[in-house]
Amino acid sequence: MKSPDLGPERSHLSRRRSALLLLLAPLLLIAAPAQAQSDWPALQEGTVVLFRHANAPGIGDPENFTLKDCATQRNLDASGREQARRIGEQFRQKNIAVTQVLNSQWCRTRETAQLAFPGLASDSAPFNSFFEDSARSEEQTAAALQLLQRWQGPGVLVVITHQVNITALTGIFPASGAGVIVKPGASGLTVIGRVQP
């Protein structure tokens with residue numbers, strides 16, 4: 001059976017659409033980190049996973065924010081709350097034993113931790129953001145590293161913190177809700193994987 005004649009104009013549009021899809025294909029693959037980052041099996045006894053808090057639109061915090069007032073901070077949106085729940089669900093589905101959860105004192109990390117791991121989370125100041133005060137980065141990163149190096153298990157330690165903290169500790173710039181798996185040792189942290197909810 002002969003295919004219908006689309007006419008020169010529709011045929012030209014079809015060729016342009018095909019060319020555009022070929023150009024965009026590599027970008028679509030880059031934009032799918034959830035599929036690319038699947039190192040969940042690396043979460044074994046004595047490992048730590050450093051999660052950036054779930055999606056909270058914007059950068060930094062409003063001027064004059066206070067830690068005791070969530071209304072003054074940048075907070076999770078609906079997709080961030082769903083992302084946080086997915087983080088916890090992944091751990092439960094994969095039967096990964098989480099024995100301790102630490103979060104910074106910022107509301108967006110607390111909420112991420114509470115939604116992902118209800119009843120397990122506690123504040124830990126060494127993981128507070130120093131985005132607004134980079135002079136604190138060296139001292140705070142050293143305190144966080146010292147805390148992490150003491151971790152031996154049992155199970156996995158989950159830390160919900162901020163991009164600047166994770167980058168300072170690992171050299172990795174994680175997306176919102178992404179995790180970097182590390183193995184603590186006497187000489188520091190060894191990155192052994194990455195995960196995405």
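Q: Why are α5 and α6 called roughly perpendicular to each other?

A: In this predicted model, helix α5 (residues 137–149) and helix α6 (residues 163–170) pack at an angle of about 70 degrees, with their axes 10 Å apart. Angles from 65 to 115 degrees count as roughly perpendicular, and α5 and α6 are therefore given that name.

Q: What makes up the contact of α5 with α6, by class?

A: On the α5 side, Gln140, Thr141, Ala144, Leu145 and Leu148 take part, and they meet Asn165, Ala168 and Leu169 of α6. Sorted by class, this contact has 5 nonpolar and 3 polar residues, and no charged ones.

Q: How do you know which strands stand at the edges of the sheet?

A: The sheet is an open one, formed by 6 strands in the order β3-β2-β4-β1-β5-β6, and its pairing is mixed. Both β3 (121–123) and β6 (188–195) have a single partner strand, so one side of each is left without a neighbour in the sheet, and this is what places them at the edges. Between neighbouring strands of this sheet, the turn is 25 degrees on average when direction is ignored.

Q: How do you know that strand β5 pairs with β6?

A: Two strands pair if there are at least two bridges between them, and 7 bridges join β5 (residues 179–185) to β6, the two running antiparallel.

Q: Why is Asn64 called exposed?

A: A residue counts as exposed over 50% relative accessible area, and Asn64 has 68%, so the word applies to Asn64. Asn64 is placed in the loop between β1 (48–52) and α3.

Q: What makes the phi of Asn64 worth a remark?

A: Most residues other than glycine have a negative phi. Asn64 is not a glycine, yet its phi is positive, near 65 degrees.

Q: Is Asn95 buried or exposed?

A: With the cut-off for exposed set at over 50%, the 70% relative accessibility of Asn95 puts this residue among the exposed ones. Asn95 is found in the loop between α3 and β2, and its phi is also positive, at about 55 degrees, although Asn95 is not a glycine.

Q: What makes the peptide bond from Gly153 to Pro154 stand out?

A: Most peptide bonds are trans. The bond from Gly153 to Pro154, however, is cis, with omega near 5 degrees, and Pro154 lies in the loop between α5 and β4.

Q: Which residues of helix α4 are buried, and what covers them?

A: In α4 (residues 107–116), the buried residues are Cys107, Arg108, Thr109, Thr112, Ala113 and Ala116, where buried stands for under 20% relative accessible area. Their cover includes α3 (78–93), β2 (98–103), β3 and β4 (156–161). In the protein chain as a whole, 40% of the 197 residues are buried.

Q: How do you know where the predictor's confidence is below 50?

A: The pLDDT gives this confidence for each residue, from 0 to 100, and the protein chain averages 85, with 81% of the residues scoring at least 70. Over residues 1–6, by contrast, the pLDDT is below 50, and this stretch has 1 contact in the model beyond near neighbours in sequence. Residues 8–36 also stay under 50, and for them the model has 4 contacts beyond four places in sequence.

Key:
Residues are numbered from 1 along each chain as its sequence is written. This is a predicted model: local features need pLDDT of at least 70, side-chain atom pairs count only at pLDDT 80 or more; totals for chains, interfaces and linings use all residues. Side-chain values use heavy atoms; hydrogens and water are left out. Helices (H or I, at least four residues) and strands (E, at least two) are DSSP runs, numbered from the N terminus. Axes are lines fitted to C-alpha atoms, for helices over the stretch in contact, and angles run from 0 to 180 degrees between N-to-C directions. Contact means heavy atoms within 4.5 Å. Angles under 35 degrees count as roughly parallel, over 145 as roughly antiparallel, 65 to 115 as roughly perpendicular and the rest as oblique. Ala, Val, Leu, Ile, Met, Phe, Trp, Tyr, Cys and Pro count as nonpolar, Asp, Glu, Lys and Arg as charged, and the others, Gly among them, as polar. Buried means under 20% relative accessible area, exposed over 50%, partly exposed in between (1.4 Å probe, protein chains only).
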